[in-house]
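Please read them with the coordinates open.

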Amino acid sequence: MVQVKSLQIGTGMPKICVPIVGETQEQILEQAQDILQASVDLTEWRVDYYEDVADLDKVLETASLLQSILGKIPLLFTFRTAKEGGERAISFTEYKILLEHIADSGFVDMIDVEMFRGYDAAEENVKEWKSTDACNKKVKALVEKISQKVVVIGSYHDFEKTPSQEEIVRRLLFMDGMNAAIPKMAVMPQEREDVFRLMTATSLADRLLPEKPVITMSMGAMGVVSRLAGETFGSAVTFGCMGKASAPGQIEVERLRAGLELLHIEDRRES
């Protein structure tokens, strides 16, 4: 379980996270105001959509205003790179500077870090991912530094396919070895067996990491069930939307809440 403000991630129903995907500061703050009226547990600011993302002062100003509006709702800061389905490309140096500054600001509670920068070019060495000696030192150093100020979600996205069950588990365990507080993986199904494989792998990873929440999802229409049934197979957070979605298959937040409550694990036996 991970505590963020008053929110406990990894217990009970999956927590609902809604992304903010505005391009201007005005749009971003308007979306934050709308979120206050919805059944949301945490909010993700997808800063790669922000037109002024290259201006650190503007980013920090907007983050401060977001924090003021959201109050007790935890704020997750994410720059999703183009390689993993985001809006912009960015060098590692720029990425590092951005994440370190926002962590130091105190304006956000969580930061998403893409954990496999540089690793996919050498997939023949995947067996080494379990070893901390094989970790990407630059990424691990970044995680260790910002973890002193915020909760780090380690992430990996595959918009083309669903890897094997073994590879999904291996990647989640690798993220644990990189000291991410919460490993996260999103994949694209090509057939229904892919969704089942993702859910099975998540259940196994959840058992192998009993002290650490795991987040997974199968994207697109075929994978919607994975966004609803996380409590059953071990995914601690699900991403919904209000208006524009930030990933394929996201469910409108009120419908998502209703589905989670319907599938909530509780004692339904008659007395």
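1. V108 is buried, as its relative accessible area is 4%; buried means under 20% relative accessible area, exposed over 50%, and partly exposed in between (1.4 Å probe, protein chains only). V108 sits in the loop between helix 3 (92–105) and strand 6 (110–114). Helices (H or I, at least four residues) and strands (E, at least two) are DSSP runs, numbered from the N terminus. Leaving aside neighbours within four places in sequence, V108 is in contact with A63, L75, F77, I102 and V150, where contact means heavy atoms within 4.5 Å. V108 and L76 are 32 residues apart in sequence, yet their C-alpha atoms are 6.3 Å apart.

2. On provenance: this is a predicted model, in which local features need pLDDT of at least 70 and side-chain atom pairs count only at pLDDT 80 or more, while totals for chains, interfaces and linings use all residues. Residues are numbered from 1 along each chain as its sequence is written, and side-chain values use heavy atoms, with hydrogens and water left out.

3. Overall figures. The chain has 9 helices and 11 strands. Of its 271 residues, 55% count as buried. Among contacts with a separation of 6 or more, 75% are between residues 24 or more positions apart.

4. Nine strands form an open sheet with parallel pairing, in the order 9-8-7-6-5-4-3-10-11; two strands pair if DSSP finds at least two bridges between them. Strand 9 (215–218) and strand 11 (251–252) stand at the edges with a single partner strand each, so one side of each has no neighbour in the sheet. Strand 3 (residues 15–20) and strand 10 (residues 237–241) run parallel and are joined by 3 bridges. Within strand 10, F239 is the bridge partner of C17.

5. Helices on the sheet. Helix 1 (residues 25–35) packs on the sheet and touches strand 3 and strand 4 (42–46), its direction making about 155 degrees with that of strand 3. Helix 6 (residues 192–208) also packs on the sheet, touching strand 8 (182–187) and strand 9, and its direction makes about 170 degrees with that of strand 9. Axes are lines fitted to C-alpha atoms, for helices over the stretch in contact, and angles run from 0 to 180 degrees between N-to-C directions.

6. Strand 8. Because 6 of its 6 residues are buried, strand 8 is largely enclosed by the rest of the structure. Both faces are covered, with I182, K184 and A186 buried on one side and P183, M185 and V187 buried on the other. Strand 7 is joined to strand 8 by 6 bridges, and the two run parallel.

7. D158 lies in strand 7 (residues 151–158) and is buried, with a relative accessible area of 5%. Not counting residues up to four places away in sequence, D158 touches P163, A186, V187, M188 and M219. E114, in strand 6, is buried at a relative accessible area of 2%. The side chains of E114 and R80 are joined by a polar contact of 3.3 Å; a polar contact is a pair of N or O atoms within 3.5 Å, and within protein one must be able to donate a hydrogen and the other to accept it, with residues adjacent in sequence counting only if both atoms are side-chain atoms.

8. Helix 4. In helix 4 (residues 137–146), V139, K140, L142, V143 and I146 are buried. Seen down the helix axis, these buried residues fall within an arc of 160 degrees, so they line one face; the arc is that of the directions from the helix axis to the C-beta atoms. They pack against helix 3, strand 6, strand 7 and helix 5 (165–177). The face turned away from the buried side carries the exposed residues K137 and K138.

9. Backbone points to check. Most residues other than glycine have a negative phi. K5, in the loop between strand 1 (2–4) and strand 2 (7–9), has a positive phi near 55 degrees. N179, in the loop between helix 5 and strand 8, has a positive phi of about 75 degrees. K5 counts as partly exposed at 36% relative accessibility, and N179 counts as partly exposed at 37%.
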